[in-house]
Amino acid sequence: MSRKPEVLFVCVHNAGRSQMAAALLQHHGLGRVEVRSAGSAPADQVNPAAARALAEWGLDITAEVPKKLTTEAVEASDVVITMGCGDTCPVFPGKRYLDWALDDPAGQGVEAVRPIRDDIDRRVRALLAELLDQPA
């Protein structure tokens, strides 16, 4: 049996987009993918509007703590996805890097975050299908 693919989601504060993406991939992946998220300048807490938007789908990220991006996290990942925020990551050969251009939920209400959540969900489902070589 081959090992699980490992995905790292990165945004500056690791409080909104990357946290939503990680939660959605963990949810849809059903343990078939290792998931991490991190940021270059982590916030003190998860974005409350992002947490509310995911709670509408039964996912709870309120206990998550934004984490600092490390070279080790990038090195351990097969796919590194930045969240359209211009963040820089260490680059290692053999890694796949993607940039998802997404609106920033910082300072937005849940109404503005829902379309961001929905966009992330579509991208996560497509990525999962690709990683597991299954139809989306």
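Helices (H or I, at least four residues) and strands (E, at least two) are taken as DSSP runs and numbered from the N terminus. A polar contact is a pair of N or O atoms within 3.5 Å; within protein, one atom must be able to donate a hydrogen and the other to accept it, and residues adjacent in sequence count only if both atoms are side-chain atoms. The structure is a predicted model, in which local features need pLDDT of at least 70 and side-chain atom pairs count only at pLDDT 80 or more, while totals for chains, interfaces and linings use all residues. Residues are numbered from 1 along each chain as its sequence is written, and side-chain values use heavy atoms, with hydrogens and water left out.

At the start of helix 2, the backbone nitrogen of A49 has a side-chain oxygen of N47 within 2.7 Å. Helix 2 spans residues 48–55, and its buried residues (buried meaning under 20% relative accessible area, exposed over 50% and partly exposed in between, with a 1.4 Å probe and protein chains only) are A49, A50, A51, A53 and L54. These buried residues of helix 2 pack against helix 1 and against helix 4 (110–131).

Helix 1 comprises residues 17–29 and includes G29. With a relative accessible area of 2%, G29 is buried. The C-alpha atoms of G29 and R125 lie 8.7 Å apart in space, although 96 residues separate the two in sequence. Q19 is likewise placed in helix 1, and its relative accessible area of 2% makes it buried. Contact is defined by heavy atoms within 4.5 Å. Neighbours within four places in sequence being left aside, Q19 is in contact with N14, S37, V46, I61, E64, V65 and P66.

One aromatic pair is found in a search of the whole structure. Rings of Phe, Tyr and Trp (its six-membered ring) pair if their centres lie within 6.5 Å; planes under 30 degrees apart count as stacked, over 60 as edge-to-face and the rest as tilted. The ring centres of F9 and W100 are 5.8 Å apart and the planes stand at 55 degrees, so this pair is tilted. The pair links distant parts of the chain, with F9 in strand 1 (residues 6–10) and W100 in the loop between strand 4 (96–99) and helix 4, 91 residues apart. Both partners are buried: F9 has a relative accessible area of 0%, and W100 has a relative accessibility of 7%.

Side chains of opposite charge can pair when their charged atoms come close. A salt bridge is a side-chain nitrogen of Lys or Arg within 4 Å of a carboxyl oxygen of Asp or Glu, and the search of the whole structure finds twelve of them. One joins the side chains of D78 and R3 at 2.5 Å, N to O. This pair connects distant parts of the chain, D78 in the loop between helix 3 (71–76) and strand 3 (79–82) and R3 in the segment before strand 1, 75 residues apart. D78 is partly exposed at 22% relative accessibility, whereas R3 is exposed at 54%. Another salt bridge is formed by R36 and E6, whose closest N and O atoms are 2.9 Å apart. Here R36 belongs to strand 2 (residues 34–38) and E6 to strand 1, 30 residues apart. R36 is partly exposed at 30%, while E6 is buried at 15%. R3, E6, R36 and D78 are linked in a network of salt bridges.

A further salt bridge brings together the side chains of R117 and D118 (2.9 Å, N to O). R117 is buried at 5% relative accessibility, and D118 is partly exposed at 26%.
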